[in-house]
Amino acid sequence: MPVATADSSPAVEGQPGQSYGPGTRLLIPQGRASFVIPAGWQAQRPDDSETIVAVSDSGAGFIMVFMLLHMTEEQLTELLAEPQPLTHDLVFEPTGTVAKKGNRLTASYESGSLSGRALAVMGPDQAVLFFLGSPHTDSGHADRVLDELADSTEFPAPQ
């Protein structure tokens with residue numbers, strides 16, 4: 001069932017195996033935050049997973065969206081400073097330090113021919129982590145897409 005806030009479009013609860021197009025506001029499983037799928041991207045929630053996966057229509061990479069509950073900023077910073085194993089054979093190694101700007105933490109990674117960028121948006125007692133993997137030649141595009149995702153992220157108003 002859609003959930004609406006005063007200043008946003010209704011959020012759709014992503015169903016396993018269903019695909020969602022650009023402009024759709026998706027509710028993230030396990031948490032109550034939502035985000036808007038950027039132009040040029042399709043998202044879906046794989047069967048038996050709480051993770052949302054988006055792929056670029058142009059082949060510019062993939063985005064994985066995770067809900068992180070009950071983590072402090074320090075714990076989140078430590079997590080982003082570690083290698084990020086996305087699958088058993090795809091591990092992104094950190095290439096710098098974690099940076100903070102407002103309620104956002106960012107980090108950079110590499111894995112073979114791919115670059116990785118993580119952006120965590122911190123909210124009340126939860127955070128949304130966007131992880132974008134793309135070809136090495138496309139870091140400017142990755143930053144723009146992640147900023148767009150972060151700007152569209154909404155957390156529920158306190159009850």
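User: How many aromatic pairs does a search of the whole structure find?
Analyst: This is a predicted model. Some of its rings, those of Phe 62, Phe 92, Tyr 109 and Phe 131, are linked by ring pairs into a cluster. The search over the whole structure gives a total of four aromatic pairs.

User: Are the ring planes of Phe 35 and Phe 130 stacked or edge-to-face?
Analyst: The ring centres of Phe 35 and Phe 130 are 5.5 Å apart. Planes over 60 degrees apart count as edge-to-face. These planes stand at 80 degrees, so the pair is edge-to-face.

User: How many residues apart in sequence are the parts that Phe 35 and Phe 130 tie together?
Analyst: Both Phe 35 and Phe 130 are buried. Phe 35 lies in strand β4, and Phe 130 lies in strand β13 (residues 126-135). The pair therefore ties together parts separated in sequence by 95 residues.

User: Which element gives the most to the largest nonpolar core?
Analyst: The largest nonpolar core has 24 residues. With five residues, the top contributor is α2.

User: Which residue in β3 stands opposite Val 12?
Analyst: Three strands form an open sheet of mixed pairing, in the order β1-β3-β4. Its edge strands are β1 (12-13) and β4 (34-36). β1 pairs with β3 (residues 25-27) in the parallel sense, over two bridges. Opposite Val 12 stands Leu 26.

Note on methods: Residues are numbered from 1 along each chain as its sequence is written. This is a predicted model: local features need pLDDT of at least 70, side-chain atom pairs count only at pLDDT 80 or more; totals for chains, interfaces and linings use all residues. Side-chain values use heavy atoms; hydrogens and water are left out. Two strands pair if DSSP finds at least two bridges between them. Helices (H or I, at least four residues) and strands (E, at least two) are DSSP runs, numbered from the N terminus. Rings of Phe, Tyr and Trp (its six-membered ring) pair if their centres lie within 6.5 Å; planes under 30 degrees apart count as stacked, over 60 as edge-to-face and the rest as tilted. Buried means under 20% relative accessible area, exposed over 50%, partly exposed in between (1.4 Å probe, protein chains only). A nonpolar core is a set of buried Ala, Val, Leu, Ile, Met, Phe, Trp, Tyr and Cys residues joined through side-chain atoms within 4.5 Å.
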